[in-house]
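Please read them with the structure open.

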Amino acid sequence: MKEQVYKDPRPAEYFTPYHERARSREPDMVYEVVRVLTTLWGYIAFRARCIAAEHVPGTGPVILAPNHFSFMDHFLTGMFIRRRIRFMAKSQLFKGPMQWVYRHGGVFPVRRGARDEEAFITAEGILARGGCVTMYPEAGRSRTGRLSERARPGIGRLALESGAPIVPVAIYGSSKVRNWKRLQFPKVVVQYGEPLQFPVEMNASRERHQEVSDEIFGRIKEMYAGLDQYGRKGIAARLREKRRELRRKHTQPA
């Protein structure tokens with residue numbers, strides 16, 4: 001695994017065209033081509049399956065908040081839903097031929113090692129137009145094979161400033177997707193949680209941002225632990241039983 005780079009030396013102006021395009025245009029056919037190819041790879045190589053994709057609203061603003069182990073998490077998050085997802089990605093990815101793909105696919109950068117207001121302006125603009133944004137609560141990839149101890153405050157800030165619902169997403173198994181190089185293909189499960197939503201707070205403190213981030217990440221940890229303990233079929237069965245119980249309660253006479 002490559003050494004993590006925590007600061008991008010390029011000036012903010014270098015990334016202006018990516019933000020301008022993300023703010024003014026939707027992803028084009030490049031997004032669909034990449035989606036098809038990575039979806040096939042996810043299904044075939046990793047036998048990827050999902051739980052509760054119906055929790056993602058079909059229209060309107062929404063923030064997807066997955067845990068992050070692998071470059072495949074971008075594609076695994078989006079392969080089970082029809083909406084075009086706009087990814088906030090670390091700026092170091094924007095180089096070489098791939099930056100053309102990112103630009104046309106609707107990805108926008110967040111500068112590592114800087115307080116990047118432009119990334120939040122872009123994300124909030126997309127949400128204001130009813131778009132779908134993915135932001136990782138951990139900010140970067142966990143390189144230990146385990147979830148990070150704590151989320152970063154950025155996801156809490158975006159949730160409070162936009163007022164958009166947040167769907168926590170647990171991705172189980174992606175920490176081992178690099179094992180394909182050794183012809184080992186882990187089974188991946190993606191679980192979408194029930195949306196969380198917070199009242200708009202435009203001038204909330206960093207401590208409040210962290211509080212909301214911790215609540216979102218706490219839900220991801222719960223789902224991840226459930227997948228680790230019960231597996232996909234076990235969690236799906238528990239959710240079905242929960243839905244049946246709710247229906248029974250609604251049908252009981254008052």
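1. Is F46 buried or exposed? F46 is buried, because its relative accessibility is 1%; the cut-offs are under 20% relative accessible area for buried, over 50% for exposed, and partly exposed in between (1.4 Å probe, protein chains only). F46 lies in helix α2. Helices (H or I, at least four residues) and strands (E, at least two) are DSSP runs, numbered from the N terminus. Between F46 and S24 there are 35 Å in space, C-alpha to C-alpha, and the two are 22 residues apart in sequence.

2. On sources: this is a predicted model, in which local features need pLDDT of at least 70 and side-chain atom pairs count only at pLDDT 80 or more, while totals for chains, interfaces and linings use all residues. Residues are numbered from 1 along each chain as its sequence is written, and side-chain values use heavy atoms, with hydrogens and water left out.

3. Helix α2 covers residues 29–46 and includes I44. I44 counts as exposed because its relative accessibility is 66%. Together with V36, L40 and Y43, I44 forms a nonpolar surface patch with about 400 Å² of accessible area in total. Patches are made of residues with over 30% relative accessible area and no salt bridge; like charges are joined within 9 Å, and nonpolar side chains (Val, Leu, Ile, Met, Phe, Trp, Tyr) within 5 Å. The areas come from the Shrake-Rupley method with a 1.4 Å probe, and for residues only the protein chains shown count as cover.

4. R47 is partly exposed, at 38% relative accessible area. For A52 the angle is about 65 degrees, and the loop here is the one between β1 and β2. A52 is buried, at 10% relative accessibility.

5. Side chains of opposite charge can pair when their charged atoms come close. The count of salt bridges is 19, a salt bridge being a side-chain nitrogen of Lys or Arg within 4 Å of a carboxyl oxygen of Asp or Glu. One of them joins D28 to R21, with 3.2 Å between the closest N and O atoms. R21 is buried, at 11% relative accessible area, and D28 is partly exposed, at 22%.

6. Another salt bridge is formed by the side chains of E54 and R243, at 3.9 Å from N to O. E54 is in the loop between β1 (49–51) and β2 (62–66) and R243 is in helix α7, so this pair ties together parts 189 residues apart in sequence. E54 counts as exposed because its relative accessibility is 55%; R243 is partly exposed, at 37%.

7. Within helix α7, R208 and E211 lie three residues apart, about one turn of the helix. Their side chains meet in a salt bridge of 2.9 Å, N to O. R208 is partly exposed at 21% relative accessibility, and E211 is partly exposed at 47%. Elsewhere, R115, E117, R157 and E161 are linked in a network of salt bridges.

8. The second largest pocket holds about 260 Å³ of space. A pocket is found on a 1 Å grid over the protein atoms alone, as an open set of points with protein on both sides within 12 Å along at least five of seven lines; a cavity is a set of points where a 1.4 Å probe fits but cannot get out, and lining residues have an atom within 4 Å of a point. Grid points are joined across faces, edges and corners, and a volume is the space filled by probe spheres set on the points.

9. Which residues lie nearest the centre of the second largest pocket? They are Q191, R219, I235, R238 and L239, out of 15 lining residues. β7 (189–192) and α7 (206–251) each supply at least two residues of this lining; α7 gives the most, with nine. By class, the lining has six nonpolar, four polar and five charged residues. Ala, Val, Leu, Ile, Met, Phe, Trp, Tyr, Cys and Pro count as nonpolar, Asp, Glu, Lys and Arg as charged, and the others, Gly among them, as polar.

10. There is one cavity of 30 Å³ or more. The largest cavity has about 40 Å³ of space, and its lining is made up of R21, A22, R25, E26, P27, R86, R103 and G106. Five of these residues are charged, two nonpolar and one polar.
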